[in-house]
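Please look over the sequence and the model shown below before reading on. The paragraphs after it go through the structure part by part.

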Amino acid sequence: MITVGIDEVGRGCWAGPLVAGAVLLREPLEGIKDSKLLSRSQREKLAEQIEAAAEVGLGWVSAAEVDALGLTEAVRIAMERALDQIESAYDEVIIDGNYNFLAGEPRARAVVKADASVPVVSAASIVAKVARDRYMAELGSAYAVYEFAKHVGYGTALHLKLLKEHGVSDQHRKSYKPIRELTA
């Protein structure tokens with residue numbers, strides 16, 4: 001059975017894109033587990049190995065798209081964009097979580113905690129996290145006052161402090177309550 005694993009990262013972030021990863025592993029890889037259980041250096045090393053040994057798709061949804069579409073639709077679109085990049089034949093798609101964002105795809109199903117129990121979904125979580133973190137670090141150069149490389153857009157005390165000092169940027173999700181409250 002050939003499986004594509006899908007996971008997303010950045011759902012709860014106050015800034016930056018939401019990113020879904022889709023991975024079809026061509027061979028088993030050692031050390032793959034949920035990206036949240038790995039150090040940054042472990043994730044980066046594994047992401048390189050996954051990209052060399054797998055077919056990988058990344059689906060990006062900007063902060064503005066998240067605001068316009070709503071979170072559920074944004075996650076669906078990110079996953080659809082990622083899956084569209086997988087060109088090889090596959091039998092099933094496993095999505096991490098309890099909701100099948102790709103219900104229109106008959107081969108797709110959601111599996112709770114798949115990022116910790118299904119290696120191909122773990123691989124998807126790793127490549128999505130590494131890609132998004134790298135993007136946020138690059139964004140940090142253009143938006144230096146927000147120090148995106150440190151918090152990668154998540155709602156940390158540092159991020160809130162910087163938002164209060166510098167206001168909201170075009171990279172922030174204005175539909176999210178903490179950001180809305182700062183613009184009210």
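The model is a predicted one.

Begin with strand 1, which covers residues 3-9. How many of its residues are buried? The count is 7 of 7, so the strand is mostly covered, where buried stands for a relative accessible area under 20%.

Strand 1 has two partners to look at. With strand 4, residues 92-96, strand 1 pairs in the parallel sense over 4 bridges. In this pairing Gly5 is found opposite Ile94 of strand 4. With strand 2, residues 18-25, strand 1 runs antiparallel, and 5 bridges join the two. Here Ile6 has Ala22 of strand 2 as its bridge partner.

The next topic is the nonpolar residues. In soluble globular proteins, nonpolar side chains tend to be buried together. The largest nonpolar core in this model has 32 residues, and the members that touch the most others are Val4, Ile6, Met79, Leu83 and Val93. Which elements each supply at least two residues of this core? They are strand 1, strand 2, helix 3 (71-83), strand 4 and helix 5 (119-142). Helix 3 gives the most, with 7 residues. Apart from this core lies another one, of 25 residues, including Val19, Ala114, Val121 and Val130.

Setting aside neighbours within four places in sequence, Ile6 is in contact with several residues, among them Gly21, Ala22, Met79, Leu83 and Val93. The list of its contacts also includes Ile94, Ile95, Asp96, Leu102, Val121 and Ala124.

Now turn to Glu8, which has its place in strand 1. Is Glu8 buried or exposed? Its relative accessibility is 15%, and Glu8 counts as buried because the limit for that class is under 20%. Not counting residues up to four places away in sequence, Glu8 touches Leu18, Val19, Ala20, Val75 and Met79. The side chain of Glu8 is also joined to that of Arg11 by a polar contact of 2.8 Å.

Side chains of opposite charge can pair when their charged atoms come close. The structure holds 15 salt bridges. One of them is between Arg11 and Glu8, at 2.8 Å from N to O. Arg11 is partly exposed at 31% relative accessibility, whereas Glu8 is buried at 15%.

Another salt bridge is formed by Glu55 and Arg26, with the closest N and O atoms 4.0 Å apart. Glu55 lies in strand 3 (residues 54-61) and Arg26 in the loop between strand 2 and helix 1 (40-53), so this pair ties together parts that are 29 residues apart in sequence. Glu55 counts as buried, with 11% relative accessibility, and Arg26 counts as exposed, with 54%.

A further salt bridge joins the side chains of Glu44 and Arg40, at 3.2 Å from N to O. Where do these two residues sit? Glu44 and Arg40 are in helix 1, 4 residues apart, which means that about one helical turn separates them. Glu44 is partly exposed at 27% relative accessibility, and Arg40 is exposed at 53%.

The last topic is the aromatic rings. A pair of aromatic rings is described by the distance of the centres and the angle of the planes. The structure holds 4 aromatic pairs. Why is the pair of Tyr146 and Phe148 called stacked? The ring centres of Tyr146 and Phe148 are 5.5 Å apart and the planes are at 15°, so the pair is stacked, the limit being planes under 30 degrees apart. Tyr146 is buried, with a relative accessible area of 5%, and Phe148 is buried too, with 0%. Through ring pairs, Tyr143, Tyr146 and Phe148 are linked into a cluster.

Conventions. Residues numbered from 1 in each chain as written. Predicted model: local features only at pLDDT ≥ 70, side-chain atom pairs only at ≥ 80, totals over all residues. Heavy atoms only, no water. Buried < 20%, exposed > 50% of the residue type's maximum accessible area, 1.4 Å probe, protein only. Pairing = 2+ DSSP bridges. Phe/Tyr/Trp six-rings, centres within 6.5 Å; stacked < 30°, edge-to-face > 60°. Core = buried A, V, L, I, M, F, W, Y, C linked by side-chain atoms within 4.5 Å. Contact = heavy atoms within 4.5 Å. Polar contact = N/O pair within 3.5 Å; in protein donor to acceptor, adjacent residues only side chain to side chain.
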